[in-house]
Amino acid sequence: MSSTEKAFDLAAFDRCVGRHADWTQADAFGAGVDLGARDDLAAYALCARFPISVDNQGKTIYRYEIKARAFIASDTRRDLTMQPFSEFVHTGELFKCVYPIEDLTESAIEELTAHDIGTVAYDPYNGQQLGEKLTKAGITAARMAQNQANFNEAIRDFIQLMNEGRLVFSDSKLLRWCANNAIICKDRQDRWMFDKKNSKDKIDPIVAAVMAYRIASLQPERSQGSLYVT
């Protein structure tokens, strides 16, 4: 038995929209890719982690900044002249192209290289070629199958960070729309996963964002201070 419910509070999402800091100052990065099916959006997201304070137990508290890019086939069965897709295409948030997976891969590798992002989460179900191309480019392709085992903790943490205001999203109507569409299902053990079938519409960019956050959150803490004892 399982239950479903809306994943995100849009008011909390809106409070997290803001300007990004200088990503050269981030202490860690992550990236995620959700390729979707033929008429889905294909998307990747990047996440930068910034230490902001230390709690009473000496644990570092972080802020995470996220941006995403989405692609769709120009011969999709969807009518891209209709809202909201026409607006997403017009503003450049959604890239309409003949070969969306190839264009996504090229764009992702370019941005990963620019930010020196070394690890990308991807779904091995339909991403074997992507994984091979990332590996060839010197990037670690981390398998993250879309199931409760991989997403339960990531979704919970992502929602908590959003509610605490420790996520910063670029001002993206597409990402906001996807967040509003997202439904999660919970199994008998109360493990969470996105439910694409029952979501209102496409959610691929927000799924990629959670994957990118997960990779960034697992990176080791950067050493502070001098490495030498005087």
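Helix axes are taken here as lines fitted to C-alpha atoms over the stretch in contact, with angles running from 0 to 180 degrees between N-to-C directions. Helices (H or I, at least four residues) and strands (E, at least two) are DSSP runs, numbered from the N terminus. The model is predicted, so local features need pLDDT of at least 70 and side-chain atom pairs count only at pLDDT 80 or more, whereas totals for chains, interfaces and linings use all residues. Residues are numbered from 1 along each chain as its sequence is written, and side-chain values use heavy atoms, with hydrogens and water left out.

Helix α5 (residues 148-164) and helix α7 (residues 204-217) have axes that come within 10 Å and cross at roughly 95 degrees. The two helices are therefore roughly perpendicular to each other (65 to 115 degrees; under 35 is roughly parallel, over 145 roughly antiparallel and the rest oblique). In the contact (heavy atoms within 4.5 Å), F151, E153, A154, I155, D157, F158 and L161 of α5 meet I206, V207, A209, V210, M211, Y213 and R214 of α7. By class, this contact comprises 11 nonpolar, no polar and 3 charged residues (nonpolar: Ala, Val, Leu, Ile, Met, Phe, Trp, Tyr, Cys and Pro; charged: Asp, Glu, Lys and Arg; polar: the others, Gly among them).

Rings of Phe, Tyr and Trp (its six-membered ring) are paired if their centres lie within 6.5 Å, and planes under 30 degrees apart count as stacked, over 60 as edge-to-face and the rest as tilted. The count by this rule is 14 aromatic pairs. The ring centres of F85 and W177 are 5.4 Å apart with planes at 80 degrees, so this pair is edge-to-face. Since F85 belongs to helix α2 (residues 85-91) and W177 to helix α6 (residues 173-181), the pair ties together parts that are 92 residues apart in sequence. Both F85 and W177 are buried (under 20% relative accessible area; exposed is over 50%, partly exposed in between, with a 1.4 Å probe and protein chains only). The pair of F158 and F169 is tilted, at 6.1 Å centre to centre and 50 degrees between the planes. F158 is buried, with a relative accessible area of 0%, and F169 is buried, also with 0%. Ring pairs link F8, F13, Y62, Y64, F151, F158, F169, F194 and Y213 into a cluster.

I215, in helix α7, counts as buried at 8% relative accessibility. Beyond residues up to four places away in sequence, I215 touches F29, G30, A31, T119, A121 and A142.
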